[in-house]
Amino acid sequence: MSHVVCTHCMGTGAIELTGVYAETLSLVIGNPGLNGAALAKLAGCKATAMNNRLIALERHGVAEGKQFGRSILWTHKTT
């Protein structure tokens with residue numbers, strides 16, 4: 001079986017965030033425990049766009065959403 005190296009991280013496991021994703025992660029780090037709508041107000045974008053960015057960050061393993069009632073509260077995932 002051959003070893004396949006990820007084309008994004010080149011096998012390091014690290015990812016480079018650019019543009020709105022880097023800005024979104026810095027918002028989450030600076031304002032932990034906010035939901036997508038509150039983060040969208042801070043970023044000046046629509047809540048749907050912010051929620052899509054947050055889900056993408058969660059898939060990359062750098063953000064974590066926890067259900068709290070009807071909201072999902074977002075934090076930076078350290079490990």
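In what order do the three strands of the open sheet stand, and is their pairing parallel or antiparallel? The order is 1-3-2, and the pairing is antiparallel; two strands are taken to pair if DSSP finds at least two bridges between them. The structure is a predicted model, in which local features need pLDDT of at least 70 and side-chain atom pairs count only at pLDDT 80 or more, while totals for chains, interfaces and linings use all residues. Residues are numbered from 1 along each chain as its sequence is written, and side-chain values use heavy atoms, with hydrogens and water left out.

The chain holds three helices and three strands, arranged along the sequence as α-β-α-α-β-β. Helices (H or I, at least four residues) and strands (E, at least two) are DSSP runs, numbered from the N terminus.

Within the sheet, strand 1 (34–35) and strand 2 (63–68) each have a single partner strand and stand at the edges, so one side of each is left without a neighbour in the sheet. Strand 1 pairs with strand 3 (residues 71–76) in the antiparallel sense over two bridges, and L34 has W74 of strand 3 as its bridge partner. Strand 2 and strand 3 are also antiparallel, paired over six bridges; here A63 is bridged to H76 in strand 3. These two strands form a hairpin with two residues between them, and G69 in the turn has a positive phi of about 65°.

Now to the helices. Helix 3 lies across strand 2 and strand 3, at about 115° to strand 2. Axes are lines fitted to C-alpha atoms, for helices over the stretch in contact, and angles run from 0 to 180 degrees between N-to-C directions. The axes of helix 2 and helix 3 cross at roughly 110° and come within 8 Å. Helix 2 and helix 3 are therefore roughly perpendicular to each other; angles under 35 degrees count as roughly parallel, over 145 as roughly antiparallel, 65 to 115 as roughly perpendicular and the rest as oblique. On the helix 2 side, G36, A37, L39, A40 and A43 meet A47, M50, N51 and L54 of helix 3, where contact means heavy atoms within 4.5 Å. Seven of the residues in this contact are nonpolar, two are polar and none is charged. For this count, Ala, Val, Leu, Ile, Met, Phe, Trp, Tyr, Cys and Pro are nonpolar, Asp, Glu, Lys and Arg are charged, and the others, Gly among them, are polar.

Helix 1 and helix 3 pack at about 85°, with their axes 10 Å apart. V20, Y21, T24, L25, L27 and V28 of helix 1 make this contact with M50, R53, L54, A56 and L57 of helix 3. By class, it has nine nonpolar residues, one polar and one charged.

What lies inside? The largest nonpolar core has 11 residues: L25, L27, V28, L39, A40, M50, L54, L57, V62, A63 and W74. Such a core is a set of buried Ala, Val, Leu, Ile, Met, Phe, Trp, Tyr and Cys residues joined through side-chain atoms within 4.5 Å. Helix 1 (19–30), helix 2 (36–43) and helix 3 (47–60) are the elements that give two or more residues to this core. Leaving aside residues up to four places away in sequence, L25 touches L17, L57, V62 and H76. Of the 79 residues of the chain, 20% count as buried, that is, under 20% relative accessible area, with exposed over 50% and partly exposed in between (1.4 Å probe, protein chains only).
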